[in-house]
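This report describes one protein chain, starting with a single residue and ending with the whole chain. Please keep the sequence and the structure in view while reading.

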Amino acid sequence: MSGLQCLASENIWFDKHCYDEAEKRFYEGANGPSAQQQSSSHAGGDQELVSRMKSLELENQALHKVVAEMRAALQKLESRVGVLEKTPAAAAVVPCAKAAPVKQVENGDDDDDDDIDLFGSDEEDEEAARLKQERVDAYAAKKSKKPVLIAKSSILLDVKPWDDETDMGKLEECVRSVQMDGLLWGASKLVPVGYGIKKLQINCVVEDDKVGTDILEEEITKFEDFVQSVDVAAFNKI
């Protein structure tokens with residue numbers, strides 16, 4: 001085969017543009033996007049920025065509108081408050097005195113001021129005083145109907161005999177014989193003291209305003225044949 005025939009059989013040079021295009025794509029991939037791609041990306045970014053700015057402008061306009069409406073509402077509220085503040089002051093103004101009707105003068109003397117009542121009648125003041133007194137009386141009557149709280153106390157007394165031969169039944173009978181207004185005897189028991197001697201421990205409820213521990217001790221120790229001493233073992237408010 002001749003050289004011309006060999007050259008004609010080879011096709012690499014006929015596909016040279018394919019190789020050039022592949023080489024161009026290779027270098028573009030290695031060096032980054034081309035200027036055309038960069039410009040298109042910049043254009044896309046600018047469009048996004050413009051759209052965001054437009055949306056921000058719309059939001060700003062809406063906010064301005066809301067602020068204006070709030071200011072108008074606040075002004076209306078302030079005006080209403082001002083009117084309400086002035087209304088009580090105007091209503092509080094009361095005339096000092098009412099003019100009384102002038103009596104007709106039959107004798108024709110118009111200069112006689114003795115028949116003119118400048119201050120009017122006191123019937124309104126009397127009516128107000130009467131109503132006030134009725135309210136005070138009603139309150140006093142209502143307060144008097146409430147039950148009065150009576151202060152009471154529970155007292156536990158230790159009554160000691162002279163010796164073990166003292167009749168404790170008789171001693172208790174003597175103690176319970178002490179009666180007075182505001183005194184109520186309760187339960188009792190015998191408590192050993194020592195050497196066969198027992199003391200009487202008795203409970204009572206008293207009204208504080210009527211009965212005290214001193215008068216109880218004084219009345220019980222009067223039974224000196226049976227009672228040696230009286231002590232307060234416990235004292236509790238009820």
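## Salt bridges

Glu127 has a relative accessible area of 38%, so Glu127 counts as partly exposed. The model is a predicted one, and every value in this report was computed from it. Arg130, with a relative accessible area of 39%, is partly exposed as well. The side chains of Glu127 and Arg130 meet in a salt bridge, with 2.4 Å from N to O. Why are Glu127 and Arg130 separated by about one helical turn? They are three residues apart in helix H4, which covers residues 123–145, and therefore about one turn of the helix lies between them.

A search of the whole structure finds nine salt bridges. Three of them are set out in the table.

| Salt bridge | N to O distance |
|---|---|
| Glu127 and Arg130 | 2.4 Å |
| Lys199 and Asp158 | 3.1 Å |
| Asp208 and Lys237 | 2.6 Å |

In the salt bridge between Lys199 and Asp158, the side chains meet at 3.1 Å, N to O. This pair links distant parts of the chain, since Lys199 is in strand E3, Asp158 is in strand E1, and 41 residues separate them. Are Lys199 and Asp158 buried or exposed? Both Lys199 and Asp158 are buried.

Asp208 forms a salt bridge with Lys237, and their closest N and O atoms are 2.6 Å apart. Here too the pair links distant parts of the chain: Asp208 is in the loop between E3 and H6, and Lys237 is in strand E4 (residues 229–237), 29 residues apart. Asp208 has 23% relative accessibility and so counts as partly exposed. Lys237 has 61% relative accessibility and so counts as exposed. Salt bridges can also share partners, and in this way Glu127, Arg130 and Glu134 are joined into one network.

Lys199 lies in strand E3, which spans residues 197–207. Its relative accessibility is 16%, and because buried means under 20%, Lys199 counts as buried. The side chains of Lys199 and Asp158 are also joined by a polar contact of 3.1 Å. Neighbours within four places in sequence aside, Lys199 is in contact with Asp158, Val159, Lys160, Pro161, Met168, Lys189, Leu190, Val191 and Val193.

Val191, one of these contacts, has its place in strand E2. With 22% relative accessibility, Val191 counts as partly exposed. Leaving out neighbours within four places in sequence, Val191 is in contact with Ile197, Lys198, Lys199 and Gln201. The C-alpha atoms of Val191 and Lys160 are separated by 9.9 Å, while the two residues are 31 residues apart along the chain.

## The nonpolar core

Which residues of the largest nonpolar core touch the most other members? This core has 18 residues, and the ones in question are Leu157, Val159, Val175, Leu183, Trp185, Leu216 and Ile220. At least two residues of the core are supplied by each of strand E1 (152–160), helix H5 (168–176), strand E2 (183–194), E3 and helix H6 (213–220). E3 gives the largest share of the core, with four residues.

Not counting residues up to four places away in sequence, Val175 touches Val159, Trp185, Leu200, Ile202 and Ile220.

## A patch on the surface

Nonpolar residues also occur on the surface. Leu74, Leu77 and Val81 form a nonpolar patch there, and together they have about 260 Å² of accessible area. Val81 has its place in helix H3, which covers residues 35–91. Its relative accessibility is 38%, so Val81 counts as partly exposed.

## The chain as a whole

How many helices and strands does the chain have? Its secondary structure comes to six helices and four strands. Read along the sequence, they follow the pattern α-α-α-α-β-α-β-β-α-β.

The chain has 238 residues, and buried residues make up 12% of them. The accessible surface of the chain comes to about 19,900 Å², and 56% of this surface belongs to carbon and sulfur atoms. Among contacts between residues at least 6 apart in sequence, 66% join residues at least 24 apart.

Definitions and conventions
Residues numbered from 1 in each chain as written. Predicted model: local features only at pLDDT ≥ 70, side-chain atom pairs only at ≥ 80, totals over all residues. Heavy atoms only, no water. Patch = residues over 30% accessible without salt bridge, like charges linked within 9 Å, V, L, I, M, F, W, Y side chains within 5 Å. Areas by Shrake-Rupley, 256 points an atom, 1.4 Å probe, with all protein chains shown as cover. Salt bridge = Lys/Arg side-chain N within 4 Å of Asp/Glu carboxyl O. Buried < 20%, exposed > 50% of the residue type's maximum accessible area, 1.4 Å probe, protein only. Polar contact = N/O pair within 3.5 Å; in protein donor to acceptor, adjacent residues only side chain to side chain. Contact = heavy atoms within 4.5 Å. Core = buried A, V, L, I, M, F, W, Y, C linked by side-chain atoms within 4.5 Å.
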